[in-house]
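Here is a friendly walk through a two-chain model, written for someone who likes to know the cut-offs behind each term. Have the viewer open as you read.

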Amino acid sequence: MKTGIKVENLKKYFPVQKSFLETLLSRKTEYVKAVDGISFEIKPKEIFGLVGESGSGKTTTGKLLIRLIEPTDGKVLFDDVNIFELDGEELRNFRRRMQIVFQDVAASLNPRMSIGESIKHPLEIHRIGENEDERKKMVFEALEKVGLSPPEAFYYKYPHQLSGGQRQRACFARAIVLNPEFIVADEPIAMIDVSLRAQIMDLMIKLKEQNNITFLYITHDLATAKYICNRIAIMYLGKIVEIGERDEIYNNPQHPYTVALLSSVPVPNPKYKPKRIIPKGEIPSPINPPPGCRFHPRCPIATKKCSLEEPKLERINSNHLVACHHPGKTSPLYDSK
Amino acid sequence: MKLVPPPGRIVGGKIIFEGKNLVEFSEDEMRRIRGKKIAMVFQDPMSSLNPLMKIGDHIIELILTHENVGKEEALERTEKLLDELGISRERINDYPHQFSGGMRQRVMIGLALALNPDLVIADEPTTALDVIVEAQILNLMKKLKKNYNLTLILITHNIGIVAEMADKVGVMYAGKLVEFGESLPLFENPQHPYTEALLDAVPNIRLSEQTLKWIPGSPPSLLEPIRGCRFAPRCKYAEKKCFEKEPEFIEIGKGRFVACHLRK
């Protein structure tokens, strides 16, 4: 990857399913605004964290970035090429360069295909490798890279014979066998046993370092994002509220929502006494999001302006952007140490 | 709670609750314990409430079934309970689908508390919730524990929640308790290699640089009998005897128990 990924004003609306009667009574279609105009950049060879609660739109963003779904509006530039304008052979060539790893490892591997066959399948689809032997060699290499060695031992195994951690590593092997430049990792460790999560995270760091792979790491877990990400974006109700370098986000959070999220994470140290800034209620429905700043009904420092005018994502220093009318006001409440 | 579904059954041991062995209790006797003395909060608040029943009726029915009180008193107690839970009284006639995940979990906690039990067992009560809602529920549980003078057994895999909530901690591995003790000494000086490895595997958001470790291998299948210590195949300190003889669970200090050959 040369110039990275640029996301410009990306939107994805899903029409709300209605009953027949409702369709007769009103003509207006309602939309779930899952992603509602977001812009950011992912630099080559970084792990970019996209953090948010359920319903924030982070998974939809991940799917859009590799064009698993079509956008309502906006662009995704992959090395300066808008992936939504590609088709046919061109698109297929791009698909090789971007891959995805999902949360549910049990559902990601075909139970009737051996691990080796599953990993080899993308090579066959893209007609890579001269013959069967060469493809098998590539699969062995991928298995070695993700730490499933000796590869011969895993090639002929079936998913049910592997543990959760091993299955997720097999999914990573399938993602890297095409030598992609970019991988979307959607909550790859959420369903993995606590004792093995660090192994998957270290694998991502290794693939970034040794294979120059750029990652979008989608998660709700700020503690793991801190461990592996170079930069982080915080999403709320289809919008990005804050983006910055890792240390900027964790040591100098500006948006009240970021501050609330950070202060909510339980700390594995019994001596630590949490000082929490907990917003009221829960994330509202994305069908009719609140006007102005979407966080204002729950925000402890919201003013009248917040309910009327939507804040823009603005730069506060070279490594840090925030969308808030009163940035930094809640930061003193948060003790980052 | 003796709620393990068949073919599971209790094949040995005792559960001493207030001096009585629950294992010997009949189903009828257990019914008088459940809810009234020991109550449970489950992980999934979505499937634990009856979708056709109003929120308030869940609690009212529970009180009327177990206690000899009139409808009016049951309603009054339900309203008071809703106040405690941070649920507006106006929502007493709402149905579960009108409640968010966090609000439903509040109702579940209310159901557990409605009969003033002495012990509440909460099984992963916040696992299905987002982090901010999780913090709200943890704060609520802390408050209620104090107000109701409760004993709480919190079942979780989240080490952060253990650190925040627990006075005492028991660490389980493959069906066995491997370590037990006061929370702070257990975190600061874990005695069982599994406890130590588990604490090393968890990221801490408050640390700027951290190196995490993982535990190689995976937990054993419980279908086959296991010889020796159940953790031995994954243990970095394991010696020959660990594979041959199962370690006993012994007291190594006041109130501190551990099952490991190497810590004697």
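This is a predicted model: local features need pLDDT of at least 70, side-chain atom pairs count only at pLDDT 80 or more; totals for chains, interfaces and linings use all residues.

Residues are numbered from 1 along each chain as its sequence is written, and chains are lettered from A and ligands numbered from 1 in the order in which they are written.

**Chain A as a whole**

Chain A holds 13 helices and 12 strands; here helices (H or I, at least four residues) and strands (E, at least two) are DSSP runs, numbered from the N terminus. Its radius of gyration is 21 Å, close to the 20 Å that the globule rule gives for 337 residues, so chain A is as compact as a globular protein of that length. That radius is taken over C-alpha atoms, and the rule is 2.2 Å times the number of residues to the power 0.38. The C-alpha trace of chain A spans about 70 × 60 × 40 Å along its principal axes.

Of the 337 residues, 46% count as buried. A residue is buried if 20 or more other C-beta atoms lie within 10 Å of its own, exposed if 12 or fewer, and partly exposed in between, with C-beta atoms placed from the backbone. Among contacts in chain A with a separation of 6 or more, 67% come from residues 24 or more positions apart; two residues are in contact if their C-beta atoms, placed from the backbone, lie within 7 Å.

**The sheet of chain A and its helices**

Eight strands of chain A form an open sheet with mixed pairing, in the order β6-β7-β8-β3-β9-β10-β12-β11. Two strands pair if DSSP finds at least two bridges between them. At the edges are β6 (98-101) and β11 (314-317) of chain A, each pairing on one side only. The twist averages 20° from one strand to the next, where axes are lines fitted to C-alpha atoms (for helices over the stretch in contact) and angles run from 0 to 180 degrees between N-to-C directions. Three bridges join β11(A) to the antiparallel strand β12 (residues 320-322) of chain A, and Arg315(A) stands opposite Leu321(A) in β12(A).

Which strands does α2(A) lie across? They are β3 (47-51), β7 (182-186), β8 (214-219) and β9 (231-236) of chain A, and the helix runs at about 155° to β8(A). Seven of the eight residues of α2 (residues 58-65) of chain A are buried, so this helix is largely enclosed by the rest of the structure. Among the buried ones are Lys58(A), Gly62(A) and Leu65(A). Helix α12 (residues 256-264) of chain A lies across β9 and β10 (239-245) of chain A, at about 105° to β9(A).

**Chain B**

Chain B is divided into domain 1 (1-30), domain 2 (35-138) and domain 3 (167-264), with bounds from an automatic or database domain assignment. The C-alpha centres of domains 1 and 3 of chain B lie 28 Å apart.

Three strands of chain B form an open, parallel sheet in the order β3-β4-β5. Its edge strands are β3 (38-41) and β5 (151-155) of chain B, and neighbouring strands are turned by 15° against each other on average, direction ignored. Four bridges join β3(B) to β4 (residues 119-123) of chain B; in one place Ile38(B) has Leu119(B) as its bridge partner. Helix α5 (residues 101-113) of chain B lies across β3 and β4, running at about 170° to β3(B).

**Where the chains touch**

In all, 34 residues of chain B are in contact with 33 residues of chain A. On the chain B side, α6(B) gives the most, with six residues. That side divides into 19 nonpolar, 10 polar and five charged residues; Ala, Val, Leu, Ile, Met, Phe, Trp, Tyr, Cys and Pro count as nonpolar, Asp, Glu, Lys and Arg as charged, and the others, Gly among them, as polar.

**Backbone details**

Most residues other than glycine have a negative phi, and most peptide bonds are trans. The table lists some departures.

| Site | Feature | Value |
|---|---|---|
| Ser149(A)-Pro150(A) | cis peptide bond | omega about 0° |
| Pro6(B)-Pro7(B) | cis peptide bond | omega about 5° |
| Arg67(A) | positive phi | about 55° |
| Asn116(B) | positive phi | about 50° |
| Glu124(B) | positive phi | about 45° |

Pro150(A) lies in the loop between α6 (132-145) and α7 (151-155) of chain A. Asn116(B) is in the loop between α5 and β4 of chain B and counts as partly exposed, with 14 C-beta neighbours inside 10 Å. Glu124(B) is in the loop between β4 and α6 of chain B.
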